[in-house]
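Please keep the sequence and the 3D view open while reading.

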Amino acid sequence: MQTTLFIGRQHELTEVARLCTRIGTRLVTILGPGGVGKTRLALEVARALVDSCPEGGSSGAWPPPNSDLYLADGIYFVSLAPLKAAEHIVPAIAEAINFQFQADGRLPQQQLLDYLAQKRLLLVLDNVEHLLDSVDLVDTLLQAAPHLRMLTTSRERLHLSSEIVFTLDAMAFPTWETPREALSYSAVQLFVETAQRVRPAFTVDPTDVQYVARICRLVGGMPLGIILAAAWSG
């Protein structure tokens, strides 16, 4: 559960959610450099999809429970950043989906593939570039489980035939020296919201707004840079 506001990115949120539930799409990659907000966007997409498909398929839920797009078995987030080797990916996925391996002679990967074979779920794999040499596992999972969908975040393309790439750009920021409507830009809004968490009384008056806008320009609208800079306002 996120404890901070999700600012801006509404278009990006809507588009990635649409791609994840589009007929024929199995793998969507949110592509972008470090600090651009890929993980947060993926989490918000997952939350939006959970909200649109409540457990049990209540009236009005989309997709409906009998649809091939309905994620009846849930949405699960797997962070690959802490993993040190490719062989740790299968156990990490198993832990995320609450699957217990059995002592029945089958290799762990085969057990996972067998379990997922008929599941209708979305796996969110974060920081795939961390173990990009194991990307074949993604393809293996998709082939073994025809109803499985995957949303990944990465600094590099996975170069799989099933991959749909969504490139995430920096947040919008003023490009002029004396902005008149700077507070309408998502980068400035993020700075203000972050600064107010550090110092609740923080406000941006007409004199200060040009400096806030300049900071947003200097970091190129990158969310991580904005958050780090705003933290110094306390």
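## Aromatic cluster

In this predicted model, Phe 99, Phe 101 and Tyr 115 together make up one aromatic cluster. Three aromatic pairs are found when the whole structure is searched. In one of them, the ring centres of Phe 99 and Phe 101 lie 5.4 Å apart while the ring planes stand at 85°, so this pair is classed as edge-to-face, given that planes over 60 degrees apart fall into that class.

The two phenylalanines of this pair fall into separate accessibility classes: Phe 99, with a relative accessibility of 14%, counts as buried, whereas Phe 101, with a relative accessible area of 32%, is partly exposed. The limit that matters here is 20%, because a residue counts as buried under that value and as partly exposed between it and 50%.

## A tilted pair

Phe 191 and Phe 202 also form an aromatic pair, with 6.2 Å from centre to centre and 55° between the planes, and this pair is tilted. It links distant parts of the chain, since Phe 191 belongs to helix α6 and Phe 202 to the loop between α6 and α7 (209–218), eleven residues apart.

## Thr 29 in strand β1

Thr 29 is placed in strand β1, which covers residues 27–31. Its relative accessible area is 0%, and Thr 29 is therefore buried.

Which residues does Thr 29 contact when its neighbours within four places in sequence are left aside? The contacts are with Thr 152, Ser 154 and Leu 158, and with the run Glu 163, Ile 164, Val 165 and Phe 166.

## The largest pocket

The largest pocket holds about 460 Å³ of space. It is lined by 26 residues, of which Val 36, Gly 37, Arg 40, Pro 223 and Ile 227 are the closest to its centre. By class, this lining consists of eleven nonpolar, seven polar and eight charged residues.

Three helices, α2 (38–52), α6 (186–198) and α8 (223–231), each contribute at least two residues to the lining of the largest pocket. Helix α2 gives the most, with four residues.

Terms used: Residues numbered from 1 in each chain as written. Predicted model: local features only at pLDDT ≥ 70, side-chain atom pairs only at ≥ 80, totals over all residues. Heavy atoms only, no water. 1 Å grid on protein atoms, 1.4 Å probe; cavity = no way out; pocket = protein on both sides within 12 Å on 5 of 7 lines; lining within 4 Å. Points joined across faces, edges and corners; volume = space filled by probe spheres on them. Nonpolar A, V, L, I, M, F, W, Y, C, P; charged D, E, K, R; others polar. Buried < 20%, exposed > 50% of the residue type's maximum accessible area, 1.4 Å probe, protein only. Contact = heavy atoms within 4.5 Å. Phe/Tyr/Trp six-rings, centres within 6.5 Å; stacked < 30°, edge-to-face > 60°.
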